[in-house]
Amino acid sequence: MKKKLLATMLVTAMAVSATACGGGGSDAPASSDGEGGGSSGGSGTAITIFNSKSEIQDQFVQMAEKYSAEKGVDVEVYYSNDTVAAHLATRYSANDPYTLSMVDAKDIYSLGPEHAIDLSDQEWVQNTDYAISVDGKVMGFPVCIEARGLMYNATAIEAITGEEFKPEDYATVDAFQGLLDKLVAGGMETPTGIMKEDWSLAGHFLSETYEEQPDVEAYITQLHEGTADLINNEKFNAKMDYFDTMMKYNFAAGSAIATEREVAEQKLAEGEIAFMFGGNWDWSMLSAYDYSEKMGMMAVPQNTSDGTNAKMEGGGSKYFFIDSSESTSEEQRQAAKDFLNWLVLDEEGNKFLTEDCNLVPAYSNISAEALDPLSTSVKTFADAGNLIPNYDYLPDDHYSICGASMQKYLAGQIDRAGLATEIENYWKSTAPVEH
Amino acid sequence: MDANERAARNKKINHAIKIIILVALFICFIFPFILVVINVFKTKADITSNPLALIGSHGFTMKNFPEAMQKMDFWRSFGNSAIITICSTILTILFASMTAYVIVRNKWKACGALFGLMIASMVIPFQVLMIPLVSLYGGIFGILNHRATLIFMHVGFSLSMATFMFHGAINTNVPISLEEAATIDGCNRWQTYWQIVFPLLKPTIATVAIIDAMAFWNDYLLPSLVLARKELYTIPIATQVFYGTYSTDIGLVMAALLLAMLPILILYLFLQRYIVEGVTSGAVK
Amino acid sequence: MNTNTASYKCKQYMMFAGVTTVVFAAVVIVPFLYGLYLTFTSWDGVSKSKPFVALANYAATFADSAYWQALGRTVIYSVIAVILVNVVAFILAFLVTSGVKGQNFFRAGFFIPNLIGGIVLGYIWKFVFNRAFVALGESLSVGALSTSWLSTTNGAMLCLIIVSVWQYAGYMMLIYVAGFMSVSADVLEAAKIDGCTNLQTIWNISVPLMVSSFVQCLFLTITRCFMVYDVNLSLTKGEPFNSSVMAAMHVYNQAFTYKNYGTGQAEALILFVVCAVVGVLQVYVGKKAEVSA
């Protein structure tokens with residue numbers, strides 16, 4: 001009896017393992033056998049794409065299906081909620097890299113020289129100002145333009161003020177504060193929101209205090225050498241004055257560092273608050289709620305005369321590179337190049353970028369009319385040359401460590417001098433990414 | 001008489017107190033799941049604005065389920081998860097119990113060394129092994145992207161703990177006198193093990209089965225490293241796309257959660273009977 | 001038959017533990033040794049070159065104050081969580097083996113938290129702490145609930161502990177249940193006849209007979225708490241201001257987010273050694289107690 005039971009168990013285990021092996025074996029080498037549908041001209045080459053923008057994953061998957069069917073190239077799109085670096089590290093360790101990987105700008109500098117191929121001869125290079133070159137070779141294909149600034153809900157503002165909202169009227173903190181007071185008087189008790197996430201506070205906001213310096217590189221060097229006097233720095237103070245104003249009117253002032261992003265985004269979308277710092281990628285969140293009609297992005301208000309209060313910070317965001325290792329065949333590389341060209345030079349590809357994914361194109365030949373409200377603002381700023389470029393060389397732990405300092409400031413645990421000291425201390429022990 | 005009555009009443013009161021405590025604790029334990037069940041029928045906007053409401057302002061919706069199932073390719077992922085979980089669990093139980101037996105009954109150096117290593121290995125943070133593991137099996141042997149490889153690794157990682165649990169069980173629950181009797185009856189070690197020892201381990205087998213099956217079913221990190229092809233995805237890998245850094249669709253997450261939980265819950269309810277039965281029938285001491 | 005020859009031992013060993021030894025070595029030992037080697041290189045995780053740097057990573061580890069803070073925090077968290085988990089689990093096990101109606105139902109219920117992986121579990125609880133409790137606090141105007149506990153340093157730690165107890169108590173309960181049930185009914189009956197009260201029976205009869213359950217549960221909770229990562233990531237993510245970063249999370253960040261793979265690996269190794277010493281010591285002491293009991 002017992003033996004029988006055991007035997008049955010063993011046999012089942014083996015049988016199932018065997019099928020598992022067999023099953024796994026037959027579909028493992030996804031690269032070279034032409035099982036992908038409709039292998040007409042492309043001889044059924046299969047490529048893999050790593051997408052690191054979760055908000056467009058659905059669109060990407062759908063596009064890949066269509067693209068595969070039409071072009072005879074089997075395209076599979078992958079996403080991981082691990083950090084990009086960690087995920088790619090495992091794929092490279094396993095000798096199983098993606099044909100095309102979408103990464104952040106700084107990853108191109110660190111990965112490019114060893115893992116990316118030279119794309120300098122590609123046609124799309126002529127059409128963009130945002131491609132990344134390393135050692136004189138174009139390696140990063142910019143996916144889109146993204147910018148950081150102050151998101152506003154004009155519908156909600158106008159409902160109270162009764163007049164048209166013109167963002168450029170509120171370029172200074174003084175004017176901005178006047179408007180906020182008006183909103184409060186009109187019944188919107190707490191007109192602002194602040195994202196407490198470290199990547200927003202340090203990665204997106206604090207970094208603006210670097211990028212707006214007259215000479216970023218020199219300033220970062222000063223920080224690293226410990227000679228930058230942050231607390232007396234004009235830019236730093238101008239930005240922090242704005243931040244203080246936002247803190248003062250924050251809807252979650254009492255629990256600023258416990259507010260979930262979803263809650264803040266919903267309030268902004270539905271007009272319970274009027275302003276929040278963010279970027280055009282936030283639209284994917286805002287649009288999940290009953291959002292107001294008139295929304296947009298504006299420059300961060302500052303009491304300054306250097307003109308930065310009329311500009312947002314941004315530029316190329318997310319870059320594709322093509323794998324150069326021997327795990328990727330020439331056909332695959334060619335298929336990947338074709339795909340990138342399709343995105344930029346084919347009408348279908350353009351439509352995918354601008355309409356399906358709502359991305360602001362980084363290419364001069366692509367027009368985009370039907371963008372979402374935030375991206376429309378970004379495009380206006382970009383077309384007018386009003387984007388201050390991103391500083392892409394922040395160390396990898398910057399957002400986390402300086403983000404913690406910003407959170408302490410937001411929670412009222414340290415004052416501005418304390419914040420300045422913590423940031424100065426951070427930079428003394430670290431250096432920017434080599435570039 | 002009077003004393004007896006009082007004793008009976010005391011017993012009843014005692015019983016009632018126990019039930020009350022149990023129910024109170026039960027509610028605490030189950031509370032988050034009630035939340036999940038409530039919110040799975042709401043839209044994302046309603047979940048954010050009022051998580052406690054029974055029905056959101058956008059009304060009752062079922063659409064989270066089909067959408068989640070479609071996005072995670074539910075049945076394919078389910079099949080992969082099932083094959084991997086079943087094989088890994090059975091193999092782990094067989095090998096671990098055998099190993100524990102030889103370790104408990106023999107004070108050999110090799111046994112001591114193996115057991116020591118196994119115990120120590122239980123405290124290795126997985127992150128330490130992660131990259132070496134993929135470098136070795138992917139970079140050198142090139143056998144990633146097979147379900148069998150994952151089963152092999154699952155078994156390798158869970159053997160330590162399972163052996164540890166069987167070790168304890170054999171030590172305390174299997175009287176050596178029974179084995180000696182079997183030996184006298186002419187059984188060799190192998191026969192003794194399968195006919196006498198293994199059946200006595202039923203409660204522990206059930207425990208290990210449920211614990212390991214659950215761990216395999218829910219594991220994310222290891223499968224995500226080994227299975228990098230969509231057609232091999234298990235349920236946890238397939239659902240990860242629902243939580244991105246910049247957007248989490250909480251409604252879909254909850255639907256996926258419920259779907260993924262059901263099979264393992266059923267397994268547990270089923271095995272739970274064996275845990276009880278095994279103990280009551282095997283009270284040989 | 002001579003059972004003391006090397007060939008007999010070898011055959012027996014291979015018969016029962018051969019497969020285990022091979023699989024275990026292939027999956028755990030070999031990668032571990034390779035990982036050990038990597039701590040002597042300054043590899044960044046993706047590059048092809050792995051320059052040998054001898055002990056530089058260990059020097060960096062000793063200089064990394066954030067790591068030692070995280071480790072200290074982990075010890076505090078572990079001590080509290082281990083005690084609470086085991087107390088709760090033991091009480092649960094006692095209650096569900098004491099013959100109340102529907103005890104199987106309760107057993108299933110308490111075990112449910114384990115049916116979900118750590119990551120998802122953290123998300124659910126984050127939702128509970130940040131939203132449900134706050135919504136509840138506001139509607140009942142209970143001050144202690146109206147701001148999220150996750151927003152303060154101590155609160156975040158408390159939340160981590162609550163979730164750990166919630167997560168592991170049911171699991172450990174199972175082991176204690178098996179322990180309770182392995183104490184034979186005759187012995188308990190005899191104790192009752194001798195006039196022992198319920199509590200006395202538990203304390204004097206069941207507990208000593210359940211030493212192996214205690215050893216197992218303690219070992220499991222200690223090691224799990226020391227290596228907590230999933231829940232840490234999804235529940236607090238280290239917030240507020242990196243004050244709830246536990247050792248494993250710091251290690252992960254160091255290796256992958258900050259791209260100091262070698263240093264991360266070295267830090268993980270030190271975490272492993274600390275954890276191993278505590279765990280093995282505990283088992284050793286426990287086994288001693290078992291023998292004497």
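## Chains A and C overall

Chain A holds 16 helices and ten strands. Chain C has 13 helices and zero strands.

The table sets out like values for the two chains.

| Chain | Residues | Buried residues | C-alpha span along principal axes | Contacts 24 or more apart, among those 6 or more apart |
|---|---|---|---|---|
| Chain C | 293 residues | 52% | about 75 × 70 × 30 Å | 72% |

How confident is the predictor in chain A, by mean pLDDT? The mean is 83, and 90% of the residues of chain A reach 70 or more. Residues 1-42 of chain A stay under 50. For residues 1-42 the model has 54 contacts beyond four places in sequence. Where pLDDT is low, the predicted coordinates should not be read in detail.

## Strand β3 of chain A

Strand β3(A) covers residues 100-103. A:Leu100 and A:Met102 point one way from the strand. A:Ser101 and A:Val103 point the other way. In a regular strand the side chains alternate between the two faces of the sheet. Are these four residues of β3(A) buried or exposed? All are buried.

β3(A) pairs with two strands described here: β1(A) and β9(A). Strand β1(A), residues 46-50, pairs with β3(A) in the parallel sense, over two bridges. There, A:Ile49 stands opposite A:Leu100. Strand β9(A), residues 312-322, runs antiparallel to β3(A), and four bridges join them. A:Phe321 in β9(A) is the bridge partner of A:Ser101.

## Helices α15 and α16 of chain A

Helix α15(A) spans residues 398-410, and helix α16(A) spans residues 416-428. Their axes come within 10 Å and cross at roughly 175°. An angle over 145 degrees counts as roughly antiparallel, so α15(A) is roughly antiparallel to α16(A).

Which residues of α15(A) and α16(A) make the contact? From α15(A) come A:Ile401, A:Cys402, A:Ser405 and A:Tyr409. From α16(A) come A:Leu419, A:Glu422, A:Ile423 and A:Tyr426. By class, the residues of this contact are six nonpolar, one polar and one charged.

## Where chain A meets chain C

The contact between chains A and C takes 20 residues from chain A and 18 residues from chain C. On the chain A side, the elements giving two or more residues are α3 (84-93), α4 (105-115) and α15. Helix α3(A) supplies the largest share, five residues. This side of chain A has ten nonpolar, five polar and five charged residues.

## Where chain C meets chain B

Chain C puts 76 residues into its contact with chain B, and chain B puts in 72 residues. Several elements of chain C give two or more residues to this side. Among them are α1 (6-38), α3 (65-96), α5 (118-140), α7 (153-182) and α13 (261-292). Which element of chain C gives the most to the side that touches chain B? That is α1(C), with 20 residues. By class, the side of chain C that touches chain B has 56 nonpolar, 17 polar and three charged residues.

## One residue in chain B: Phe29

B:Phe29 lies in helix α1 of chain B, residues 2-39. Why does B:Phe29 count as partly exposed? It has 19 other C-beta atoms within 10 Å, and a buried residue needs 20 or more.

Setting aside neighbours within four places in sequence, B:Phe29 is in contact with residues of chain C. They are C:Gly109, C:Phe110, C:Ile112, C:Pro113, C:Trp166 and C:Gly170. Helix α4 of chain C, residues 103-111, and helix α7 of chain C, residues 153-182, are among the elements on the side of chain C that touches chain B.

Within chain B, B:Phe29 and B:Leu54 are 25 residues apart in sequence. In space, B:Phe29 and B:Leu54 are 20 Å apart, C-alpha to C-alpha.

How values were computed. Residues are numbered from 1 along each chain as its sequence is written. Chains are lettered from A and ligands numbered from 1 in the order in which they are written. This is a predicted model: local features need pLDDT of at least 70, side-chain atom pairs count only at pLDDT 80 or more; totals for chains, interfaces and linings use all residues. pLDDT is the predictor's confidence in each residue, from 0 to 100. Two residues are in contact if their C-beta atoms, placed from the backbone, lie within 7 Å. Ala, Val, Leu, Ile, Met, Phe, Trp, Tyr, Cys and Pro count as nonpolar, Asp, Glu, Lys and Arg as charged, and the others, Gly among them, as polar. Axes are lines fitted to C-alpha atoms, for helices over the stretch in contact, and angles run from 0 to 180 degrees between N-to-C directions. Angles under 35 degrees count as roughly parallel, over 145 as roughly antiparallel, 65 to 115 as roughly perpendicular and the rest as oblique. A residue is buried if 20 or more other C-beta atoms lie within 10 Å of its own, exposed if 12 or fewer, and partly exposed in between; C-beta atoms are placed from the backbone. Two strands pair if DSSP finds at least two bridges between them.
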